[in-house]
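Subject: Structure handover

Hello,

Here is the structure I promised to pass on. My notes on it follow below.

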Amino acid sequence: MHDNPADLFRRHGIQVTAQRLAVLAAVAGRPHGTADDVATAVRAGIGAISRQAVYDALGTLAEKGLIRCIQPAGSPARYEDRTGDNHHHLICRTCGRMADVDCAVGAAPCLTPADASGYEIDEAEVIYWGRCHECLAKPPSRPGKEEKTGPASRGAHGRDDGSLNRATAHGRKHRP
Ligand SMILES: [Zn+2]
Ligand SMILES: [Zn+2]
Ligand SMILES: [Zn+2]
């Protein structure tokens, strides 16, 4: 069951490279990570790797069924090495945390359309959206609490630029 990754690659007809091995290890070590997460982990492990090389490796591994790519609406694709079952995902709308959830039925497709229109259906894409336990545990934000979330969101460019522009515009107004 626990093949060494190089044998796994060979069995799937994938050429074994250090970069592909590192990408698979990164996905295995951090399920549901984005391509950027994978790139960061690979760089920490084997050193420099281009973004394109990460995408190429992820694409090859996904195509050959060694990893699974999940593409939630409005969020970057995530990757995991849990393949071969029909598990689904829970995603927190607030923090984006993603968790596995077993399929209640087991096999795909686990949902039956009202009318399949003659299609042979092999999969139903199921994502459960909601709020995670940690976000639910946080008290609802009140105006006074705004500073608390400030530092985290201050890194977002929109916020910085926004206040900068406002300050500039304000200053200009008062100039002759
Ligand atoms: Zn959350
Ligand atoms: Zn998963
Ligand atoms: Zn299901």
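C110 is buried, with a relative accessible area of 15%. Buried means under 20% relative accessible area, exposed means over 50%, and partly exposed lies in between (1.4 Å probe, protein chains only). C103 is buried as well, at 13%. Donors here are N, O and S atoms within 2.8 Å of the metal (3.2 Å for Na, K and Ca); water is not among the atoms, so sites may look incomplete.

Before going on, some ground rules. This is a predicted model, in which local features need pLDDT of at least 70 and side-chain atom pairs count only at pLDDT 80 or more, while totals for chains, interfaces and linings use all residues. Residues are numbered from 1 along each chain as its sequence is written, chains are lettered from A and ligands numbered from 1 in the order in which they are written, and side-chain values use heavy atoms, with hydrogens and water left out.

The other zinc site

The zinc ion (ligand 2) is coordinated by H32 (NE2), E80 (OE), H87 (NE2), H89 (NE2) and D100 (OD). The distances run from 1.8 to 2.4 Å. The donor spacing in sequence is H-x47-E-x6-H-x1-H-x10-D. H87 sits in the loop between β3 (78-80) and β4 (88-92), and D100 in strand β5 (residues 98-101), so the pair ties together parts that are 13 residues apart in sequence. H87 is buried, at 1% relative accessibility. D100 is partly exposed, at 31%.

The chain overall

The chain has seven helices and six strands. Helices (H or I, at least four residues) and strands (E, at least two) are DSSP runs, numbered from the N terminus. Their order from the N terminus is α-α-β-α-α-β-β-β-β-β-α-α-α. Of the 176 residues, 26% count as buried. Contact means heavy atoms within 4.5 Å. Among contacts between residues at least 6 apart in sequence, 43% join residues at least 24 apart.

Helix packing

Two packed helices are described by the angle between their axes and the distance between the axes. Axes are lines fitted to C-alpha atoms, for helices over the stretch in contact, and angles run from 0 to 180 degrees between N-to-C directions.

Take α2 (residues 18-29) and α3 (residues 35-46). Their axes come within 9 Å and cross at roughly 120 degrees. The two are therefore oblique to each other. Angles under 35 degrees count as roughly parallel, over 145 as roughly antiparallel, 65 to 115 as roughly perpendicular and the rest as oblique. Residues in this contact include A22 and V23 of α2 and V38 and A41 of α3. By class, the contact has nine nonpolar, one polar and no charged residues. Ala, Val, Leu, Ile, Met, Phe, Trp, Tyr, Cys and Pro count as nonpolar, Asp, Glu, Lys and Arg as charged, and the others, Gly among them, as polar.

Now α3 and α4 (residues 51-63). Their axes come within 10 Å and cross at roughly 110 degrees. That makes α3 roughly perpendicular to α4. A35, D36, V38, A39 and R43 in α3 meet R51, V54, Y55 and L58 in α4. These divide into six nonpolar, no polar and three charged residues.

Best wishes
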